[in-house]
Amino acid sequence: MSEYFLPTLKEDPREAEIPSHKLMIRSGMIRKLASGVYEFLPLGWRTVRKIEEIIREELDAAGAQEIVMSAMQPRSLWEESGRWDLYGPELMRLKDRGGREFCLGPTHEEVVTKIVSENVRSYKQLPVTLYQFQMKFRDEIRPRFGVMRAREFYMKDSYSFDADLEGCRSSYDLHFKAYKRIFERCGLEFAVVEADTGNIGGEFSHEFMVLASTGEEEVAVCSCGYGASSSMAGFKGPEGEPGFPEEEEKPLQEVHTPGVTTVQEVSGFLSEKPRKFIKTLIFDSDKGPVAALVRGDHELCQDKLLSASGAKWLNLAEPETVKAVTGGPPGFSGPCGAKIPVFADEEVLAVQNAVSGAGKKDYHLININFPRDYTVSWKGRLRKLQQGDLCLKCGGELKIMRGIEVGHTFLLGTKYSSAMGARFVDKDGREKDMIMGCYGIGVTRVAAATIEQNHDSDGIIWPAAIAPFEISLIQLSGDTEDICRSLYEKLSEKYEVLWDDRDESPGVKFKDAQLLGLPVQIIVGKSYMKDGKLEVVCRRSGKKEYLSPEGIEEKISI
RNA sequence: CGGGAAGUGGCGCAGUUUGGCUAGCGCACCUGCUUUGGGAGCAGGGGGUCGCGGGUUCAAAUCCCGCCUUCCCGACCA
């Protein structure tokens, strides 16, 4: 260790906020070069390679084959798939000296599809699954939390090509199972959830989420095993809602509500519960303005509106647009007499004698009833999941948890193969599009997620499988160098040992050992000088035993 | 991109409000001596364009203008 490049820090770096980020910097795993761009130092890279090796073993066992593709990709390739324009500013673009345009790959569907389409002609050559480890580049809108959301990050991506959907499902399944084993072997507590396919596209997908309070995404999980990302989760509202009995329909009435716009304000002004409100949101989209209705105590899920409307993009409308479409300024929009398509969350329609904006400044309508007073062009699920909602499969209460997305599997279908002409000749002699799947694991993110789940106030507590080393050999007082050297040599035959032979005070060595969090610490000091015993400490439990050095390599378990 | 905060030796910070002596503290680093079980002690020492550029002033880390970088929140709730 006196020769190992391992700069540890006593104090938390100012830039770091969450435990994994602080600890990765303090323990000398990583350093920052620019926002969202990190270097991996020897200790950090060892852990990355451990994770990489676990992934490699499981994917090889599942029949996938490792390759390495270029990080730099020509614009023309991305134009074939249509993503040069679609991917947006997240795509890192550059030009060579001749002015030819390239991007730094954020993912490799285009490249791998080209490779396979150029080299596979017959169903006899299918299925094939290729994977690689590589630095990926995404110009994130806001990099944060160290390597958790970085602009340059190490990723494993694989791609499967099959002759038919059934084959693709089994390729998908092989990956799905391999992923479960990978994350189990890494020692992670995780949930698998049904997820949105986002701009990768495809038929369906699953996210592998490491559960942690610092997670960036919300997921819904049920004790019955069902799990989904919060934007995808199927759910129903809680049963029986006390305080809202069936009511007589009352006549529609306009009330003066000067200057009050938000549900909360109007609710206070009229002494009505938010539950009685119809929140009306006006959006601009590529298909023109649309209105979305959710109950006052609910929140709109924009992803759901996006898929319901079939639009490519949606933005909350500017005040001028709101005025033009509803007749009133923002804050006074309502569903009655709407002239644009209205998308309603199904729970809105059940609200009796509801309150909403009147479509003119400083007025709201009360006693709105469906379908008497307004119509909708679409009804379904638009609102966000919230605490208390019930599982569609078993009726149990869904738990909303935060998670870190470490893996994502997609059944792509023919999206890329048809766009890029990846075809083969099938048994029947006809040319068909290959059916694809793609599968990613954020390797560097796995390292960070592991620390989020495994740390205490002293430092990291590595699961043995991905710890950078397995044993901290801590050499203390004076005359222990020789015994340490022989221990180091003996233990190294079986374990990965980090020998702290630095000329530092005991306190420094203990603190650093706790910080680095290797599973087992072997301390050679007082007890050895006194009665020849080594002190063996488990980092996770803190349990100590005193063992003699003879046959020590057989006596410890990691 | 909108809002907030911040940039001062390697790291963490004070100083800026109210301009003024040689820019300071802790840690780290170097030398020597002592020390050696929970981030050692003493003595000596090295290291700073105070983010960058411009301006105001007799005088700028400090005031003004512009820019850059970093972090946090948001980027959908009418």
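How far is a sugar or linking oxygen of RNA strand B from an N or O atom in the side chain of Lys32? In this predicted model, the distance is 3.0 Å.

Chain A contains 16 helices and 33 strands. Its C-alpha trace spans about 95 × 65 × 50 Å along the principal axes. Of the 558 residues in the chain, 52% are buried.

The domain assignment divides chain A into domain 1 (44–71 + 103–234 + 400–451), domain 2 (253–380) and domain 3 (469–555). The centres of domain 1 and domain 3, taken over C-alpha atoms, are separated by 40 Å.

In soluble globular proteins, nonpolar side chains tend to be buried together. In this model the largest nonpolar core has 57 residues, and Met24 and Phe183 have the most contacts inside it. Helix α6, which covers residues 165–185, gives 7 residues to this core, the most of any element. Because domain 1 and domain 3 both give residues to the core, it lies between them. Another core, of 25 residues, lies apart from it and includes Val116, Phe161, Phe410 and Met420.

With neighbours within four places in sequence left aside, Met24 is in contact with Met29, Ile30, Phe40, Val147, Ala447, Ala448 and Ile451.

The text now returns to the RNA. RNA strand B is surrounded by 43 residues, and the closest are Arg14, Arg142, Leu300, Pro330 and Gly331. Of the atoms of RNA strand B that come within 4 Å of the protein, 50% belong to sugar and phosphate. In Arg142, a polar side-chain atom lies 2.4 Å from a phosphate oxygen. In Ser35, an N or O atom of the side chain is 2.7 Å from a phosphate oxygen. The elements that give two or more residues to the surface near RNA strand B are β15 (278–285), α14 (506–516) and α15 (526–531). Helix α14 gives the most, with 7 residues. Sorted by class, this surface has 16 nonpolar, 11 polar and 16 charged residues.

Which side chain makes a polar contact with that of Ser205? The partner is His408, at 2.9 Å. Ser205 is in strand β10, residues 204–211. Its relative accessibility is 3%, so Ser205 counts as buried. Ser205 and Glu504 stand 299 residues apart in sequence, and their C-alpha atoms are 52 Å apart in space.

Arg539 is found in the loop between β32 (534–538) and β33 (544–547). Is this arginine buried or exposed? Arg539 counts as buried, because its relative accessibility is 4%, and the cut-off for buried is under 20%. Its side chain and that of Asp456 are joined by a polar contact of 2.9 Å. Beyond neighbours within four places in sequence, the residues in contact with Arg539 include Asp456, Asp458, Gly459, Gln514, Leu518 and Gln521.

The peptide bond from Leu126 to Pro127 is cis, with omega near 0°, and Pro127 is in the loop between α5 (109–119) and β7 (128–137). Phe145 is not a glycine, yet its phi is positive, near 55°. Phe145 sits in the loop between β7 and β8 (152–162), and counts as partly exposed because its relative accessibility is 23%. Asn367 also has a positive phi without being a glycine, at about 65°. Asn367 lies in strand β20, residues 363–368, and at 9% relative accessibility it counts as buried.

Terms used: Residues numbered from 1 in each chain as written. Chains lettered and ligands numbered in written order. Predicted model: local features only at pLDDT ≥ 70, side-chain atom pairs only at ≥ 80, totals over all residues. Heavy atoms only, no water. Core = buried A, V, L, I, M, F, W, Y, C linked by side-chain atoms within 4.5 Å. Buried < 20%, exposed > 50% of the residue type's maximum accessible area, 1.4 Å probe, protein only. Helix = DSSP H or I, 4+ residues; strand = E, 2+ residues; numbered from the N terminus. Domains from an automatic or database assignment. Contact = heavy atoms within 4.5 Å. Near = heavy atom within 4 Å. Polar contact = N/O pair within 3.5 Å; in protein donor to acceptor, adjacent residues only side chain to side chain. Nonpolar A, V, L, I, M, F, W, Y, C, P; charged D, E, K, R; others polar.
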